[in-house]
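Hello,

Here is the structure for you to look over. My notes on it follow below.

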Amino acid sequence: TGDKLQARVRRIFLRVRERPVDGEQHAILTLVERSTNFLLMEKLPKGKKALPLAKTVVRLLTPYRQTIATITTDNGSEFAAHQYITKELSLKGREPIQVYFTDAYSSWQKGCIENTNKLIRKYIPKKTNFATVSNSKIMNIQHKLNSRPREKLDFFTPIFCFSKHFY
């Protein structure tokens, strides 16, 4: 629709899980690099509001922006500030980073993030009140999943493969 590109080529996947609690929206942002399954997670104090979420994405991805080609997101309103993400992460003199949106009800277009979120659910089950999940616990989950060997990576860990390929 309009200025949105549909997912065909991708590198970084973004997803927001949200749980409304006591009238407040609590959410956790997950970002996964496709080829290494490297995970970044952060609790979103403003829930799924587009601009604060975009600023968090930019802050988390800025150290890696030279290696980012594309970002794929869900087709939700929480990613309405995708142009801000593109503008802030793109480097002058290079092709701008493209933000793609998956088709509605097309989870196969984002299997990497869906699988990662399934692994996260072992630590944060469905219907968990995200307000009770500490930032420390989120960082611990991120560390555990990035340190977990994966068959896809010939039983190396995501952190090892990410460091090897991107540093």
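**What was found**

Of the 167 residues in the chain, 49% are buried (under 20% relative accessible area, with exposed meaning over 50% and partly exposed in between, for a 1.4 Å probe and protein chains only). This is a predicted model, in which local features need pLDDT of at least 70 and side-chain atom pairs count only at pLDDT 80 or more, while totals for chains, interfaces and linings use all residues. Residues are numbered from 1 along each chain as its sequence is written, and side-chain values use heavy atoms, without hydrogens and water.

The mean pLDDT of the chain (the predictor's confidence in each residue, from 0 to 100) is 85, and 85% of the residues score at least 70. Confidence is highest in helix α4 (residues 135–146), at 97, and lowest in strand β1 (residues 5–6), at a mean of 44.

There are five helices and six strands in the chain (DSSP runs, H or I of at least four residues for helices and E of at least two for strands, numbered from the N terminus). Their order along the sequence is β-β-β-β-α-β-α-β-α-α-α.

Helix α1 (residues 50–61) packs against helix α2 (residues 82–89) at an angle of about 25°, and their axes are 9 Å apart (lines fitted to C-alpha atoms over the stretch in contact, with angles from 0 to 180 degrees between N-to-C directions). The contact (heavy atoms within 4.5 Å) brings L51, A54, K55, V57, V58 and L61 of α1 to Y84, I85, E88 and L89 of α2.

Regards
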